[in-house]
Structures are given as structure tokens and as C-alpha cells.
Amino acid sequence: MQQLVDQLIQEGNFPGVPKEIVYAAAMLLAAFAVLSFFVAPLAGVTSWLERRVWARMQSRVGPNRVGPQGILQWLADGIKNLLKEDIIPAAADKWLFSLAPYVVFVGFLATFVVIPFGSQLIVADLNIGILYLLAVTSLVVVGILMAGWASNNKWSLLGGMRSAAQIVSYEIPAGLAVLTIIFAAGTMSMQGIIKAQGWAPWDWLLFYNPFTFGAFFLYFTAALAEGNRTPFDIPEAESELVAGYVTEYSGMRFLFFFFAEWGNLYVIGAIATTLFLGGWQVPPIPWVTDQPVLLAILQFVVFFVKAYFWVFVAMWVRGTLPRVRVDQLMSLCWKYMVPLSFVCLLGTAGWMVLFPRGNRLASVGMFLVGVAILLQFAKRVRYQIRHARPELYWKPYI
Amino acid sequence: MSEAPHNGGEAFHTEDMTISMGPQHPSTHGVLRFIVKTDGEVMSEAIPDVGYLHRSIEKIGEKVTWHGYVPYTDRADYLAAMFTNQAFCMAAEKLAGIEVTRRGEFCRVIACELNRIASHLIAVGTFGQDIGAVTPFLHALRERETINNFMEEICGARLTYNYIRIGGVGYDILPETCARVTEFIDHFEPIVDEYNRLLSYNKIFVERLANVATITREDAFQYNIVGPNLRACGLKWDIRRDIPYSVYPELEFDIPVGAGEKGTLGDCYDRYIVRIREMEESCKILRQCLKMLPKGPAIAKVARKFKPPAGEVYVRVEAPRGDMGFYVVSDGSEYPYRVRIRTGSFTAMSLIDKISRGLMVADLIALIASLDVDAPEIDR
Amino acid sequence: MEAKEIYARTERKFSGKVSGFQGDVVDPNFRVEAQAIVEVCRYLRDDPESNFEVLSDLTGLDLPKENKLQVVYHLYSYSKRHQIVLKVDLPRDNPHVSTMEGVWKVANWLEREVFDLFGVVFEGHSDLRRILLPEDWVGYPLRKDYVEQEEYDGISTQRAPLVEKLLR
């Protein structure tokens with residue numbers, strides 16, 4: 001994007017204005033555009049999708065009134081919350097209380113700068129892209145602690161502290177899994193990692209060697225824990241702590257927390273796609289690769305579908321699994337996931353010493369293993385569906 | 001409470017938080033309040049504070065007539081209203097020496113077992129929801145909706161039935177309802193399997209419940225824990241089998257007992273799995289009753305102004321939450337002299353203080369949900 | 001075991017302290033003196049012949065015509081499948097009896113309820129306070145001569161007469 005702005009300056013569009021101001025204005029404009037035209041509708045539609053998927057799994061319908069199939073429900077919720085009374089508890093710390101949602105939001109929004117939607121569609125291709133992502137998502141911890149503390153409510157405090165402990169602990173397996181991929185790809189830049197993969201599934205880093213395969217599951221589980229999603233949603237455990245650290249929040253501030261959570265789902269999916277699933281790589285179809293616009297659109301669609309699939313999986317997991325208890329969560333992280341992620345890391349390092357340019361046979365083999373697992377899973381799902389006798393639910397007898 | 005081990009001998013002073021869980025709380029089963037002293041996760045004590053739903057049902061018993069009191073007994077435990085109805089009517093019948101008609105007895109058993117399935121569905125569903133799995137709760141409610149429809153067909157109400165009257169039942173069960181109930185049981189038995197696949201053998205669920213809050217048999221006797229909670233401790237005791245009433249002696253059913261399959265005997269998992277198995281047994285009982293339903297009047301002839309002779313009686317019924325005892329004293333007039341409702345949830349709550357020391361807050365939730373306590377039963 | 005036998009054995013052990021056996025009613029029962037009730041219950045619980053493992057119920061009964069408050073104990077045995085009812089007569093103006101908490105722990109809450117609703121004081125109870133009603137409630141509701149207090153926490157408990165209500 002920097003080239004575009006430089007080009008505009010050279011064409012003499014901004015006489016007399018120093019370059020830095022033009023850069024700053026361009027950045028603000030880009031951020032605003034991304035935020036309002038992409039992130040807000042994305043988080044909103046994700047919230048609608050979650051409620052629909054959640055409801056259908058529970059033999060209910062979900063929101064289906066506002067707009068076609070209820071897809072504008074988030075807009076109605078947003079407007080309603082904007083119009084609500086602004087309540088701050090009397091004994092709460094006003095500044096921290098008001099600031100906390102925005103810190104969480106910034107921690108999540110700043111990740112969109114480096115997400116590669118296409119080969120040219122990235123706001124800033126930092127050469128430490130993935131490190132920047134990991135660092136910026138940690139801001140969320142500060143925001144959550146602020147929210148828990150400033151609410152002047154013992155339940156919020158408990159929720160905030162639990163959440164902080166959880167997020168900080170799960171950074172480690174996530175970071176190590178990411179490091180495994182950095183080893184395999186050789187670069188920290190997001191576009192660089194995608195370029196190190198190919199469009200075919202067996203060229204993805206997911207199937208590169210058995211250790212990256214394991215690293216993917218470790219990363220996904222750790223990312224779910226960082227995003228406070230079930231089975232790790234203890235900070236928001238409804239039945240235990242009312243609503244955890246967001247108990248005292250209402251109106252738009254409440255929505256900001258959940259905005260960040262749903263958007264974070266997409267970011268998790270995007271990172272998983274970039275690191276493991278080949279990002280925006282498309283097969284080289286001749287009549288498409290010649291036209292840059294069409295290619296960009298195709299890459300965007302491919303990336304979006306891959307990332308959104310993982311969003312759907314996260315919702316699916318939420319509807320199925322119960323919650324883990326806090327001490328079980330911590331022991332899962334420190335006793336099982338951290339050693340396993342070290343194994344993946346060292347295994348990949350060893351693999352790269354053995355096969356410096358990768359082993360195509362092993363990749364195809366891992367791909368077949370992945371397909372076999374998927375088929376087994378599909379068989380299980382079919383068995384469950386058949387045993388549930390869904391035809392009886394479609395035609396109730398009273 | 002905690003000491004820092006490296007501080008050269010001086011203890012690091014921390015205080016326990018005293019938090020009040022409830023009375024408004026998405027988890028506790030009705031309006032209950034616990035005063036919890038905790039250091040953040042591990043509780044040092046959890047004192048229940050009850051009485052938020054006290055409606056003086058026992059005092060009302062002294063002001064209304066015998067027939068008029070039956071709707072009040074519904075409210076003593078609205079999730080298992082048929083059983084409270086039945087217990088009171090059995091007490092009145094024992095005092096006056098009235099014999100219930102045979103068809104009335106069978107109708108009573110059908111209504112009660114349907115109600116048992118509905119109550120256990122709520123117990124299992126809310127248990128899953130408190131642990132975090134919200135989907136089984138809604139599936140349970142979906143099945144319960146069908147049962148509520150049956151109740152509406154049978155007696156006109158979905159929750160507080162006023163169906164079992166002194167001498168029999170209020171309305172007869174029509175043959176169409178019987179056919180539909182049979183269809184429902186055919187559909188329901190695989191659904192219980194579904195709960196097993198979704199919840200009972202789920203590793204996270206088992207980890208949350210196994211070895212948590214074990215109740216030993218000595219504790220169960222000391223604190224008079226009854227019902228599925230007692231059976232989960234290993235004692236095969238069911239009032240329908242051991243102090244039989246109504247037509248239960250003629251029916252064949254098994255009594256599920258906890259066996260410590262996934263943890264210790266008497267932990268939360270045992271209490272959960274006993275309830276699931278009881279639902280299956282209720283299906284068996286329902287099938288037999290529907291086949292054996294005889295013809296005849298549904299209610300015996302009882303005087304409008306019901307005046308049993310003076311006396312007292314203590315009647316027990318196997319309600320879903322345990323042994324529901326009605327101690328009824330009559331002085332010969334048309335109002336009862338004293339009605340005392342002794343519920344399983346009240347005594348189960350008295351146990352929570354002892355067992356919850358050293359548990360975590362999340363385990364307290366699991367304990368309350370596994371004991372299946374119910375605010376209207378505790379407070380009456 | 002028959003109720004008569006249980007009574008006979010208890011009377012042999014605690015002669016003079018138990019009396020008034022009623023055997024031909026629906027629930028056979030007998031009276032026990034207030035000072036002896038804890039020992040009688042302990043004996044009935046520990047004796048291998050009677051073996052009453054649980055205290056099914058502990059409740060009160062107000063008999064103003066005979067000017068006494070009765071505390072009724074229902075005992076049950078799982079192993080022997082028999083039940084017995086014990087009654088303790090207490091004077092209405094100063095009802096005191098020792099607590100059963102040492103024999104069965106469930107008596108803790110059951111006695112709190114009897115204290116709350118009838119006003120019977122259980123000596124030796126670890127935590128005798130109201131359980132169902134608020135702490136500052138006045139009066140014992142389940143007594144037959146109970147009159148509700150005029151107002152509680154500033155809210156009147158009396159219903160306005162109908163005419164005034166319609167005129168308002």
C-alpha cells in the first residue's frame with residue numbers, strides 16, 4: 001500500500017503537505033475503511049451465524065426476523081445498545097472501567113493490519129508479521145484485567161484473574177506451534193509464509209511433516225483458549241460467575257467485548273489458514289491468472305472460505321463440549337500442551353535437518369492420513385445422525 | 001490463609017473473600033443463596049441460606065379443606081407435582097380408610113412416571129448446562145415439551161396438575177392419549193442413548209464429575225439423603241420396591257444403583273448416571289401400565305365434605321428428588337389439623353456445608369446440580 | 001420387628017421415661033420424656049435389633065387444647081424395614097428439649113426449622129437461628145395462636161378493607 005501512496009504523492013496530488021502527514025492520513029483512512037467495511041460487518045455476521053448455528057444444534061431456530069434470515073440482527077443489536085443508558089457502578093473506577101473495552105478492542109483490531117487476504121491485499125506486509133500478531137493479541141489481557149478490577153465486583157475480579165491466567169498460559173503452546181511453522185517456512189512475514197506453501201493440499205504446511213500436523217491442533221486448541229471460547233470459556237462461565245468480567249458492563253461497552261470475541265474467531269481462523277492451510281493460494285487457472293482483479297477476488301474468496309470454516313468449527317465445538325474446570329485447564333496447558341509443542345518444535349527442526357528441501361512423499365502421506373481421519377469422522381457423524389432419528393423431530397406427533 | 005514458603009518464616013497475609021452466590025444466579029436451581037468463603041478458587045466454607053421461596057404451604061394446610069389443599073401440594077415441588085398430590089391423597093385415604101379404584105391406581109402410576117421422566121430430564125439438562133454443555137439441556141426440554149402436552153391432554157395443565165385427587169384421579173385417561181404415550185416411549189428410549197453419547201461418556205464431563213463431592217453411606221444415613229442421591233451411594237433402596245404402595249408390586253422394574261464406574265462410589269457422576277438409568281426404568285414401567293390399564297371408574301366415591309376420623313399418618317412416596325413424606329394430622333374436622341411436608345431437597349441442602357469444604361467454586365456448582373435440589377421443595 | 005416389641009424393649013431399658021404406647025393406630029407411637037429423648041434415640045439407633053439408621057423427620061405439633069407442644073420424631077430402619085414414631089410433650093410457654101444433633105446430623109436443619117416455626121428451643125444446638133423466615137421476624141407462625149405482625153420492614157401486612165380499596 002505504501003507504493004500506492006507514494007505514487008499518489010509523486011503525481012502531485014498533495015502540494016505543500018509534508019510526506020508524513022499524507023502517510024498518517026492514508027493510514028487513518030485505511031484503518032477506518034477496514035474497520036467499518038470489513039471488520040464490523042464481519043464480526044456482526046459472525047455473531048448472527050453463531051446464534052443461528054448454536055440454535056440449530058439445539059433444535060431451535062435462532063434469529064430469523066431482522067432482514068433476510070435474520071442476517072441484520074447484529075445491526076439491530078448494535079443500534080439498541082447504542083441507545084441504552086450508560087451505567088457505571090457507583091464505586092467503580094470510572095476511567096479504567098470506561099477504557100477497558102477499548103483496550104480489548106484495540107488488541108483485536110490491530111491484528112487486521114497484517115492479515116493477508118490476497119497476494120496484493122494486505123495493509124502492511126511486515127517482515128515480522130506473525131510476531132507482531134502474537135504480541136498485539138496479548139493486549140487483550142490488560143483490557144480484561146482492567147475490566148475485572150474496575151468493576152468493583154468480586155465476581156468480575158475472579159473472572160478477570162482467571163481469564164488473565166488462562167490467556168497468558170496458553171500463549172506458550174500457541175507461540176511454540178507458530179514457531180514450528182516459522183521454522184518450516186523460514187520467514188516471519190505472513191505473505192512469505194503463504195508463498196512458501198502451494199495451492200494443493202499436500203503442499204500446505206499442515207501436511208509438511210507429522211509434527212506440523214500436531215502443531216496445528218495444538219495451535220487451534222490454544223487459540224480457542226486465548227479467545228475465551230468453550231470448552232475454555234471459564235471467564236465468561238455463565239452458570240458460575242454470572243458473566244465473569246463483563247458482569248457490570250451494559251450497552252455498547254458490553255458489545256465491544258463480544259465484538260472483539262467474535263472478530264477474534266475470524267482472526268484465529270485467518271491465522272490458522274495462513275500458517276497451515278496455504279492462505280490465498282489458488283490453482284493456476286490460465287484465464288484467471290492473467291487478470292489481476294479477478295485473481296484478487298478469487299484469492300480473497302479462497303482465503304475467506306478457509307478462514308471461515310474454522311470459525312464454524314469453533315462454533316460447533318462450543319455447542320458440543322462442556323466447560324473445563326480452571327485447574328484442569330491449567331494442568332492441560334502446562335502438563336500436556338507445552339511439552340507436546342516442544343516435541344513438535346524439535347521434531348520439525350530435526351526434520352528440516354534431514355530433509356532440507358522438504359519430503360514430498362511424506363507430505364502426500366500426511367495428506368492421505370488427514371483424509372483418512374476426516375473420513376472416519378464423517379462416518380461417526382453419519383452414525384450419530386442416523387441414530388438420532390431426525391425424521392421424528394421434523395414431524396412431531398401432536 | 002496461605003503462607004509464602006520462601007519468606008523467611010513470616011506468613012504472607014491474605015484474606016478469604018466472602019462472596020454471596022445468589023439469590024439471583026443463572027446456576028442455582030431456584031432461589032438459593034450460598035455464602036461462600038473462598039480464596040479465589042478453593043472454598044473454605046459454603047453456607048446455604050434458604051427461605052427465599054417460603055410460602056407457608058404448611059400453614060395454609062390448616063386453613064383450607066382436604067380437597068381444596070390438593071392444588072397447594074402441587075406448588076410444594078412444581079417439577080414433580082404429581083408425587084406431592086399423590087402423597088397427600090394417600091395420607092387422606094389412609095386416614096379415612098378409602099380404597100382407590102384399580103383404574104385410578106394405574107392412571108396415577110402412568111401420570112407419576114411421566115412426571116418422573118420430565119423431572120429427571122430437567123435435572124440432567126440443567127446439570128449439563130451448569131457444567132457448560134448447553135445443548136443437551138435444550139434437547140431435554142424438547143422431550144419434556146411432549147410430556148407437557150400429554151399432561152395437558154390428561155389433566156389440562158402443563159406444570160401444576162391437581163390431577164391426583166382423594167380417591168383416585170380427577171379425569172380419566174383416554175385411549176388416544178395411551179396410544180400417543182406408547183409412541184412417545186418408543187421414540188424416547190433411543191433419545192436417552194443420545195444423552196449418553198453426548199454427555200455421559202464425554203471425557204471433559206467425566207473429568208468434571210468423577211471423584212468430586214463424594215457422599216459416603218454413613219454421611220447419607222446421618223444426613224438422611226434419599227432418592228437417587230442415596231442410590232448413588234450404593235444402597236439399593238426405592239420406596240416403590242421396599243415400602244410398596246399403589247400398584248407397584250405388580251410391575252417389574254429394576255432399581256439402578258451407583259457403582260463408582262468412573263470415579264469413587266457416591267460422587268457426582270454416580271448421581272448423574274443413576275438419574276439417566278431411572279428414566280429408562282420409568283419407560284419400562286409406563287409400557288407395562290399402559291398394557292395393564294383396566295376398565296372401571298377412575299375415582300372412588302368420596303364425600304364432598306371430607307371429614308376423616310381423628311388420627312395421624314406418615315406417608316412416603318418415591319418422588320424424583322427422593323422420599324417425599326407427608327405427615328398429616330387430622331382432628332376429625334373438614335380442615336386438616338397439621339400438614340407437614342418432608343422433602344429430600346431440604347435434608348440434601350443440610351449436607352452441602354460439610355461436603356463443600358475444600359471444594360472449588362466450580363465443584364460447588366456441580367455438587368448442587370448433582371443433588372438435584374429444588375428451591376420450592378426446600379422452602380415450601 | 002413389631003412396634004409393640006420395640007416399645008417393650010425400650011421400656012425395659014428406660015423404664016419410667018417412656019409411656020403411652022398407641023399400637024392400634026395407623027402409625028404406632030409412644031411418648032418419651034424430654035430429658036431422655038436423646039438417649040432413647042441413641043439406643044434405638046445403635047441397638048442391633050432395632051437398628052434405626054435414619055431420622056426420617058423431626059417436626060412439631062401444636063396442641064393448644066392440651067396446652068402442650070409436641071415434637072414428633074419419625075425413625076426408620078433400612079435394614080429391618082420398620083418405623084417408629086416418638087413424641088415428646090413440652091409445655092407451651094417454655095419448650096426446651098436437648099438437641100438430636102449428636103445422634104443424627106440432619107437434626108441440625110430440622111431442629112432449626114422447628115425452632116423457626118414453633119419456637120421450641122433445642123439445648124446444645126450448634127447454630128440455633130431461623131432458617132426459613134428472615135432473622136428479624138417476630139413470632140412463631142405454625143402455632144395455632146399466631147397473629148401476624150402489623151408491619152414488617154415498613155410494609156404493612158394487613159389488607160385494607162374492601163370498600164376503602166375500591167374507593168381509592
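pLDDT is the predictor's confidence in each residue, on a scale from 0 to 100. The views below show a predicted model, which scores ipTM 0.89 and pTM 0.87.

**Figure 1. Confidence along chain C.** The mean pLDDT of chain C is 86, and 98% of its residues reach 70 or more. Confidence within chain C is lowest in helix H4(C), residues 162-167, where the mean is 71. The highest value in chain C belongs to strand E4(C), residues 68-76, at 91.

**Figure 2. Arrangement of the chains.** There are 2 pairs of chains in contact, and of these, chains A and B share the most contacts. Chain A does not touch chain C. The nearest C-alpha atoms of chain A and chain C are 25 Å apart.

**Figure 3. Chain B as a whole.** Chain B contains 14 helices and 8 strands. Its C-alpha atoms fill a box of roughly 85 × 45 × 35 Å along the principal axes. The radius of gyration of chain B is 22 Å, which agrees with the value near 21 Å that a compact globule of 380 residues would have. Of the 380 residues in chain B, 53% are buried. Among contacts in chain B between residues at least 6 apart in sequence, 71% join residues at least 24 apart.

**Figure 4. The contact between chain B and chain C.** Chain C gives 23 residues to this contact, and chain B gives 28 residues. On the side of chain C that touches chain B, strand E3(C), residues 54-63, and helix H3(C), residues 107-118, each supply at least two residues. The largest share of that side, 6 residues, comes from E3(C). By class, the side of chain C that touches chain B holds 14 nonpolar, 4 polar and 5 charged residues.

**Figure 5. Helices H4 and H13 of chain B.** Two packed helices are described by the angle between their axes and the distance between the axes. Helix H4(B), residues 102-131, packs with helix H13(B), residues 361-371, at an angle of about 175°, and their axes are 9 Å apart. Angles over 145 degrees count as roughly antiparallel, so H4(B) and H13(B) are roughly antiparallel to each other. From H4(B), the contact is made by B:Thr126, B:Phe127, B:Asp130 and B:Ile131. From H13(B), it is made by B:Ile365, B:Ala366, B:Ala369 and B:Ser370. By class, the contact of H4(B) with H13(B) has 5 nonpolar, 2 polar and 1 charged residues.

**Figure 6. B:Ser246, a residue with positive phi.** Most residues other than glycine have a negative phi. The phi of B:Ser246 is near 55°, a positive value in a residue other than glycine. B:Ser246 is placed in the loop between helix H10(B), residues 239-242, and helix H11(B), residues 268-292. A residue is buried with 20 or more other C-beta atoms within 10 Å and exposed with 12 or fewer. B:Ser246 has 18 other C-beta atoms within 10 Å and is therefore partly exposed.

**Figure 7. C:Asn67, a positive phi in chain C.** The loop between E3 and E4 of chain C contains C:Asn67. Its phi is near 55°, a positive value in a residue other than glycine. C:Asn67 counts as exposed because it has 10 C-beta neighbours inside 10 Å.

Note on methods:
Residues are numbered from 1 along each chain as its sequence is written. Chains are lettered from A and ligands numbered from 1 in the order in which they are written. This is a predicted model: local features need pLDDT of at least 70, side-chain atom pairs count only at pLDDT 80 or more; totals for chains, interfaces and linings use all residues. Two residues are in contact if their C-beta atoms, placed from the backbone, lie within 7 Å. Helices (H or I, at least four residues) and strands (E, at least two) are DSSP runs, numbered from the N terminus. The radius of gyration is taken over C-alpha atoms; the globule rule is 2.2 Å times the number of residues to the power 0.38. Ala, Val, Leu, Ile, Met, Phe, Trp, Tyr, Cys and Pro count as nonpolar, Asp, Glu, Lys and Arg as charged, and the others, Gly among them, as polar. Axes are lines fitted to C-alpha atoms, for helices over the stretch in contact, and angles run from 0 to 180 degrees between N-to-C directions. Angles under 35 degrees count as roughly parallel, over 145 as roughly antiparallel, 65 to 115 as roughly perpendicular and the rest as oblique.
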